[in-house]
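The report below concerns the fold and packing of one protein chain. Please read it alongside the sequence and the coordinates.

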Amino acid sequence: MQEEVGDQRDRAILRELMRDGRLTNAELAERVSLSPSPCLRRVRAMEEGGLIVGYVTLLDTARANMPGVICARVRCGTTSMCDRVG
C-alpha cells in the first residue's frame, strides 16, 4: 500500500529533507515550525509507512578514485511496466 503525504507540515518536512537529508531533528523541527518530538514522530511515521524509503550519499567519483562506478536501485511497480521498459 502506498503511503500518501498527510498534510502541509509533512510536505514541508519532505521538502527540507530533500534539500538536506543530513539535518538533525532539531534543525528540521525549527525549519518546519514544530517542536522536536512531533517532528520526529512525523518523520518516523513516513519512514515506517514507506513514504521515506531511505537516505542517499552522492559521491564525487573522481575525488573518491572510483571512476565509472554506478550504484543504482530500480524498482518497477508492476511486471508489465518492467516488460515494457526492458
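The protein chain exposes about 7300 Å², and carbon and sulfur atoms supply 51% of that area. Accessible areas come from the Shrake-Rupley method with a 1.4 Å probe, and for residues only the protein chains shown count as cover. The model is a predicted one, in which local features need pLDDT of at least 70 and side-chain atom pairs count only at pLDDT 80 or more, while totals for chains, interfaces and linings use all residues. Residues are numbered from 1 along each chain as its sequence is written, and side-chain values use heavy atoms, with hydrogens and water left out.

Of the 86 residues in the protein chain, 17% are buried (buried means under 20% relative accessible area, exposed over 50%, and partly exposed in between, with a 1.4 Å probe and protein chains only). The chain has 4 helices and 0 strands, in the order α-α-α-α along the sequence; helices (H or I, at least four residues) and strands (E, at least two) are DSSP runs numbered from the N terminus. Among contacts (heavy atoms within 4.5 Å) between residues at least 6 apart in sequence, 40% join residues at least 24 apart.

Two of the helices can be set beside the span expected of them, which is 1.5 Å times one less than the number of residues.

| Helix | Number of residues | Expected span | C-alpha span, end to end |
|---|---|---|---|
| α3 | 13 residues | 18 Å | 18 Å |

The buried residues of α1 are Asp10, Ala12, Ile13, Leu14, Glu16 and Leu17, and their cover includes α2 (25–31) and α3 (36–48). Glu16 is buried because its relative accessible area is 12%. Beyond its neighbours within four places in sequence, Glu16 is in contact with Leu23, Leu28, Arg31 and Val32.

Not counting residues up to four places away in sequence, Leu17 touches Leu28, Val43, Ile52 and Tyr55.

In α3, the buried residues are Cys39, Val43 and Met46. Seen down the axis of α3, these buried residues fall within an arc of 65°, so they line one face of the helix; the arc is that of the directions from the helix axis to the C-beta atoms. The buried residues of α3 pack against α1 and α2, whereas the face turned away from the buried side carries the exposed residues Arg41 and Glu48.

After α3 comes Gly50, whose phi is positive, near 90°. Gly54 lies in the loop between α3 and α4 (79–85). Gly54 is partly exposed, since its relative accessible area is 41%. Gly54 and Gly21 are 33 residues apart in sequence, and their C-alpha atoms are 9.6 Å apart in space.
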